[in-house]
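Subject: Structure for your review

Hello,

Please find the structure below. My notes on it follow.

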Amino acid sequence: MGLEIGQTVRYSRTGTVGKIVSLSNENGYDFAELDTTGLCYRTDQLIAINEIVKESSKKSDVRKDIIDEQEKIREMQESAWQNTDQSCEGGG
């Protein structure tokens with residue numbers, strides 16, 4: 001197929017797009033590792049593309065995403081107490 005390191009490709013089964021960072025051969029199959037996922041894909045199932053990868057397809061900062069999510073949860077927990085009179089009613 002003639003794929004090269006640095007070339008942008010798409011894995012059609014999932015729509016994953018990325019640049020090839022390494023090439024390897026295992027059990028008679030050629031594989032390419034993509035920068036966006038860190039996973040290896042069979043080269044015969046990749047399609048070379050000449051498009052610029054959009055910002056939304058780029059690797060996100062997972063650590064920042066986790067911190068943001070934790071902050072949202074903390075804010076929700078704090079605001080939950082604002083809607084109560086903090087009395088202890090049994091209801092039974």
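The largest nonpolar core has eight residues: L3, V9, Y11, I20, A32, L34, Y41 and L46. Such a core is a set of buried Ala, Val, Leu, Ile, Met, Phe, Trp, Tyr and Cys residues joined through side-chain atoms within 4.5 Å; buried means under 20% relative accessible area, exposed over 50%, and partly exposed in between (1.4 Å probe, protein chains only). β1 (8-11) and β3 are the elements that give two or more residues to this core.

This is a predicted model, in which local features need pLDDT of at least 70 and side-chain atom pairs count only at pLDDT 80 or more, while totals for chains, interfaces and linings use all residues. Residues are numbered from 1 along each chain as its sequence is written, and side-chain values use heavy atoms, with hydrogens and water left out.

Leaving aside residues up to four places away in sequence, V9 touches L3, T16, V17, G18, I20, L34, L46, I47, A48 and I49 (contact: heavy atoms within 4.5 Å).

The chain has five strands and one helix, in the order β-β-β-β-β-α from the N terminus. Both are DSSP runs numbered from the N terminus: helices are H or I, at least four residues, and strands are E, at least two.

Of the 92 residues in the chain, 17% are buried. Among contacts with a separation of 6 or more, 32% are between residues 24 or more positions apart.

One backbone angle to check: N27, in the loop between β2 (16-26) and β3 (29-34), has a positive phi, near 50°. Most residues other than glycine have a negative phi. N27 counts as exposed because its relative accessibility is 74%.

Regards
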